[in-house]
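Here is a short report for someone meeting this structure for the first time. Please look over the sequence and the model, then read on.

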Amino acid sequence: QQDSLSTAATSAVFSRSAVKNQTAVEFRRVSKSFGPHQVIKQVNLSVSSGEVIAVCGPSGSGKSTLIRLINHLETLSEGEIFINQQPTSRLNGAALRQLRTHIGFVFQQFNLYSHLTAQDNVSLALIKVHGWKREDARKKAQTLLERVGLKDRALHYPEQLSGGQQQRVAIARALVTDPSIILFDEPTSALDPEMIGEVLLVMRELAQSGITMIVVTHEMSFARGIADRVVFMDGGEILEEAEPEAFFTRPAHPRAQRFLQKVL
Ligand code: ADP
Ligand code: MG
């Protein structure tokens with residue numbers, strides 16, 4: 001009973017009609033520990049609806065953990081994360097599933113189901129979680145595959161697709177529930193260089209669609225050309241937040257300066 005009550009309460013709040021310029025994601029003094037090891041330390045971060053954030057920083061600085069906390073792939077240890085102004089740390093069961101349908105996630109390694117076609121990878125959640133009829137779900141999957149430039153690949157299995165194509169299927173899958181927020185964890189890091197462009201192109205179009213995007217990336221062309229804001233992390237803390245141009249030309253924090261010297 002508690003589940004259905006909280007679902008009713010949250011379904012309106014998490015709706016994708018999140019109002020432009022409202023806060024879509026807010027971290028308030030969020031910490032995360034794995035055993036004795038605190039890997040996110042008292043992080044505060046506010047992301048507006050429709051904003052595109054690039055998160056960068058050295059390996060092990062906590063970037064993946066930060067975004068995994070948003071859709072509860074990890075649970076936080078302290079603080080609170082608000083999605084569309086709603087606290088989320090106590091959600092469970094149906095309310096948590098509801099939250100997740102409003103937050104898409106794209107992994108570095110695509111994580112497609114190898115035994116399913118592109119179309120079935122994309123439509124699976126609609127059928128299994130949302131009770132759609134297979135035929136309707138496949139139609140929607142087809143629309144999304146067209147949107148990422150894979151109209152003719154619907155019946156291909158992952159192993160028949162290039163890395164760039166697989167990642168575009170994964171993006172289509174992340175969009176299938178019409179999320180208001182989409183999270184990317186180094187989406188181009190596993191790709192051969194010649195395939196990075198096609199994925200960035202899809203991400204650029206998404207960024208212009210008004211969806212809220214938080215992208216962990218070392219892809220400076222994305223951070224510089226597409227993001228509204230860059231968040232720099234090191235040692236589990238956000239050390240700098242700035243507009244891309246300012247961040248790349250005049251980073252303020254010494255550790256950001258050192259990081260940029262290495263990657264640029
Ligand atoms: P990044 O994505 O910036 O490379 P991560 O968020 O993956 O950093 O990791 C931050 C720190 O948390 C690292 O020290 C990592 O070893 C540790 N860590 C991440 N996930 C786990 C886990 N499931 N168990 C224990 N330690 C973890
Ligand atoms: Mg990572």
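## Helices H6 and H7

Gly163, Gly164, Gln167, Arg168 and Ile171 in H6 meet Met195, Glu198, Val199 and Val202 in H7. Two residues are in contact if their C-beta atoms, placed from the backbone, lie within 7 Å. The residues of this contact divide into four nonpolar, three polar and two charged. Here Ala, Val, Leu, Ile, Met, Phe, Trp, Tyr, Cys and Pro count as nonpolar, Asp, Glu, Lys and Arg as charged, and the others, Gly among them, as polar.

H6 spans residues 163-175 and H7 residues 193-208; their axes come within 8 Å and cross at roughly 20°. That makes H6 roughly parallel to H7. Angles under 35 degrees count as roughly parallel, over 145 as roughly antiparallel, 65 to 115 as roughly perpendicular and the rest as oblique. Axes are lines fitted to C-alpha atoms, for helices over the stretch in contact, and angles run from 0 to 180 degrees between N-to-C directions. The crossing of H6 and H7 is right-handed, meaning that the near helix is turned clockwise from the far one by less than a right angle (anticlockwise is left-handed).

## About the model

This is a predicted model: local features need pLDDT of at least 70, side-chain atom pairs count only at pLDDT 80 or more, and totals for chains, interfaces and linings use all residues. Residues are numbered from 1 along each chain as its sequence is written, while chains are lettered from A and ligands numbered from 1 in the order in which they are written. Helices (H or I, at least four residues) and strands (E, at least two) are DSSP runs, numbered from the N terminus.

## Helices H4 and H5

H4 (residues 118-128) packs against H5 (residues 134-147) at about 125°, with the axes 8 Å apart. The two are therefore oblique to each other. Their crossing is right-handed.

On the H4 side, the contact includes Val122 and Leu126; on the H5 side, it includes Ala141 and Leu145. Its residues divide into eight nonpolar, three polar and three charged.

## Buried residues

Ala95, Leu99 and Thr101 are buried in helix H3 (residues 93-101). They cover an arc of only 160° around the axis, which puts them on the same side of H3. The arc is that of the directions from the helix axis to the C-beta atoms.

Val47 lies in strand E2 (residues 37-48). Val47 is buried, with 21 other C-beta atoms within 10 Å. A residue is buried with 20 or more such atoms, exposed with 12 or fewer, and partly exposed in between. Beyond four places away in sequence, Val47 touches Ala24, Val25, Ile53, Thr212 and Ile214.
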